[in-house]
Amino acid sequence: MSYCLNPQCPQPQNTPEAKFCLTCGAKLLLRERYRAIKVIGHGGFGKTFLAIDGDKPSRPPCVIKQFRPQMQGNSQKAIELFHREAERLDELGKHPQIPELLAHFEQDSHQYLVQEFINGPNLEEELLRQGVFNETQIRQVLNDLLPVLQFIHHHRVIHRDIKPANIILRETSQHQGQLVLVDFGAAKVVTDTEVAMMGTVIGSPEYVAPEQTRGQAIYASDIYSLGVTCIYLMTAISPFDLYDIHEDRWIWRDYLKHHSVSSELGKILDKMLAVLPSQRYDSAFKVLKDLYPGGIPVAIARHLQPPPLPPPLPTVRTPISSPSQTLPPRTIQQPTPPQKQRVQPLRSPSWRCVHTLTGHRNAITGVAFSPDGETLASGSQDQTLEIWRLESGKRWYTLVGHSNWITSIGFSPDGKTLASGSRDQTIEIWDMTKGKRWYTLTGHQDGVEAVAFSPNGQLLASGSRDKTIEIWNMNKGKRGFTLTGHQDRVYSVAFSSDSQKLASGSRDQTVKIWDLKTAKEVQTLTGHGDWVRSVAFSLDGQFLASASKNGMIKIWINQQEKWVLLRTLRVDDQEIFSIVFSPNYQILVSGGGQGLLDIWDVQKGILLETLKAHDSDIFTVAFSGDGQWLATGSYDRTVKLWKPST
């Protein structure tokens with residue numbers, strides 16, 4: 001059976017191998033590989049289908065989520081929620097108890113998510129099949145799901161819709177009986193810059209914490225929802241009926257049918273269900289500590305993430321007076337022995353914002369200056385490239401051609417071409433003398449995360465989520481060779497100044513150095529405790545910098561053709577997304593979470609200053625060739641152009 005995805009099709013059922021719907025003529029394959037089989041769910045934003053991946057020999061099952069914004073009155077909010085689910089799944093989907101995001105794209109005016117298929121019943125179905133849960137089963141639910149909550153909270157995500165229907169009991173030989181948390185469409189990212197205010201009320205009413213009904217979800221809100229899930233599984237009674245509004249208390253014990261609950265577990269559930277957040281557990285880790293007063297078992301403890309940073313307090317913070325206000329410098333850790341030192345803030349910021357460029361409809365993921373210093377290119381998750389006049393800060397023209405997020409861009413050294421990498425698995429080469437697309441490079445099996453031209457202009461490197469690096473011959477416009485060796489996604493690539501070496505940073509927490517003459521890996525740099533998101537060479541070839549998700553920057557120095565760690569800069573666990581050396585290689589700039597821009601002295605290894613540059617995370621930074629311009633691109637959908645104050 002093939003199922004037509006056209007919502008207006010009157011007879012969507014088709015034969016298994018059909019390529020076009022026999023009734024309406026719509027294409028039945030998404031991206032020429034995903035075939036819908038049947039509808040397995042529908043909700044406010046569209047439908048969910050069981051599907052198969054026809055691109056793989058085993059034709060494994062997967063799940064297609066079709067998004068239909070016209071079904072909602074506030075379609076823009078609906079679109080934001082849909083993109084948010086893709087972002088959350090992409091960030092969290094490597095956890096074995098969270099579905100992996102396989103694809104995210106638009107086709108025929110509809111947006112789609114393709115996810116890993118989790119085979120098995122959800123806990124709502126399991127309750128109907130087997131009856132109410134006993135204490136042993138409830139403890140197992142908590143054992144399985146509390147580490148997952150700890151994981152997502154560590155990544156500053158609040159699920160906001162935990163309920164039995166969103167918990168699946170996986171039925172595979174490898175993970176028999178494992179619980180999987182699904183549906184991150186309502187998930188929320190916590191930032192330190194939030195101001196407490198009424199937000200959007202999201203979630204299933206029976207399971208939502210009181211503060212969440214007022215739009216103020218916190219980590220403890222997920223703890224509450226899990227507690228409500230547990231008492232529902234033990235009683236099979238609607239949670240609305242388990243709370244006595246006249247006595248203002250939970251009465252779930254009155255509905256236990258054939259079994260009782262120990263006082264120990266009862267106290268834990270009561271604390272999870274506390275109406276006041278101040279009386280409730282504020283982390284999954286603390287629940288586990290009470291479940292195991294003698295010590296959390298090793299089998300559970302080894303999967304736990306550190307406790308999350310606390311959510312914002314319900315008070316309004318004093319706003320920063322200007323975008324370039326200098327913040328107090330933060331702690332810097334020197335290599336060995338560890339040293340902590342602080343520098344005095346500069347009397348005035350050394351960089352000032354001269355232009356704020358607006359026009360993109362989504363996050364900015366790449367910025368690049370033309371070699372002649374006259375234009376700036378910006379790439380975005382809105383799938384477009386904007387070309388800006390530098391001095392005026394005005395948009396010149398727009399380039400359109402990708403079918404998914406643009407992730408990275410770069411100019412050729414002569415400025416005649418621009419390369420853009422995308423989640424659509426392609427690299428577009430743009431003719432900048434004509435302002436239009438020239439040709440497309442294909443070959444990666446997953447999204448392209450990074451592109452970079454060699455300084456001599458002969459090569460282009462691209463790093464991908466498929467764990468490979470492709471080296472393209474730009475004289476011929478085709479693939480030269482492939483570099484393999486990383487064990488996970490490649491997030492960043494950078495050429496040495498002589499075009500002979502390439503550095504790559506990966507989600508496998510390593511930096512690899514490649515010899516491009518031999519197409520061989522020559523060195524692996526280790527020590528990062530998280531994904532390496534950005535790598536950069538200094539123009540003199542003496543330094544290499546690498547930055548990881550956990551806020552660590554490492555400076556490596558070239559000694560007799562070997563890279564040796566010079567020093568480590570640590571930024572209080574603040575996420576770092578992009579780093580760049582100034583052309584005179586005296587300064588390193590790093591863009592990170594919460595819109596913070598850090599300026600580092602490379603030789604001394606000290607933090608000179610921190611600028612509050614944007615309202616949200618800074619995903620990309622770049623220097624102009626003369627060092628007189630600095631560009632930053634952010635999740636707040638703006639690009640900012642900076643110049644030295646003196």
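Is Lys-65 buried or exposed? With a relative accessibility of 15%, Lys-65 counts as buried, where buried denotes under 20% relative accessible area, exposed over 50%, and partly exposed the range in between (1.4 Å probe, protein chains only). The structure is a predicted model, in which local features need pLDDT of at least 70 and side-chain atom pairs count only at pLDDT 80 or more, whereas totals for chains, interfaces and linings use all residues. Residues are numbered from 1 along each chain as its sequence is written, and side-chain values use heavy atoms, with hydrogens and water left out.

Lys-65 is found in strand 6, residues 61-67; helices (H or I, at least four residues) and strands (E, at least two) are DSSP runs numbered from the N terminus. An unreviewed UniProt entry annotates Lys-65 as "binding site". UniProt positions are given in the numbering used here, feature names are shortened, and such annotations may be inferred rather than shown by experiment.

Cysteine residues were also examined. Zero disulfides are found in a search of the whole structure, a disulfide being a pair of cysteine sulfur atoms within 2.5 Å. For Cys-21, the closest cysteine sulfur belongs to Cys-9 and lies 3.6 Å away, which is too far for a bond. Cys-21 counts as buried at 5% relative accessibility, and Cys-62 is buried with a relative accessible area of 1%.

Two open sheets are described next. Strands of a sheet pair through backbone hydrogen bonds, either parallel or antiparallel; here, two strands pair if DSSP finds at least two bridges between them. Five bridges connect strand 27 with strand 28 (residues 459-464) in the antiparallel sense, and Val-448 stands opposite Ser-464 in strand 28.

Another open sheet of four strands has the order 18-45-44-43, and its pairing is antiparallel. Its edges are strand 18 (351-357) and strand 43, each of which pairs on one side only. The twist in this sheet averages 25 degrees from one strand to the next. Strand 44 and strand 45 are paired in the antiparallel sense over four bridges, and Gly-633 stands opposite Val-639 in strand 45.

Strand 39 (residues 576-581) is largely enclosed by the rest of the structure, because six of its six residues are buried. Strand 39 runs antiparallel to strand 40 (residues 587-592), to which five bridges join it. Within this pairing, Ser-578 has Gly-591 of strand 40 as its bridge partner. The two strands form a hairpin with five residues between them, and Tyr-585 in the turn has a positive phi of about 55 degrees.

Aromatic contacts were then considered. A pair of aromatic rings is described by the distance of the centres and the angle of the planes. Rings of Phe, Tyr and Trp (its six-membered ring) pair if their centres lie within 6.5 Å; planes under 30 degrees apart count as stacked, over 60 as edge-to-face and the rest as tilted. The structure holds twelve aromatic pairs. One of them is the tilted pair of Tyr-224 and Trp-250, at 6.2 Å centre to centre and with 55 degrees between the planes. This pair links distant parts of the chain, since Tyr-224 in helix 5 (residues 219-235) and Trp-250 in strand 14 (residues 249-250) are 26 residues apart. Both Tyr-224 and Trp-250 are buried. Phe-619 and Tyr-635 form an edge-to-face pair, 5.9 Å centre to centre with 75 degrees between the planes. Phe-619 lies in strand 43 (residues 618-623) and Tyr-635 in the loop between strand 44 (630-634) and strand 45 (639-644), so this pair ties together parts that are 16 residues apart in sequence. Phe-619 counts as buried at 19% relative accessibility, whereas Tyr-635 is partly exposed, with a relative accessible area of 36%. Tyr-224, Tyr-243 and Trp-250 form one aromatic cluster.

Charged side chains also lie over aromatic rings. A charge sits over a ring if NZ of Lys or CZ of Arg is within 6 Å of the ring centre and within 35 degrees of the ring normal. Lys-271 lies over the face of Tyr-281 at 4.6 Å from the ring centre, and the charged end of Arg-389 sits over the ring of Trp-396, 3.6 Å from its centre.

Key
Axes are lines fitted to C-alpha atoms, for helices over the stretch in contact, and angles run from 0 to 180 degrees between N-to-C directions.
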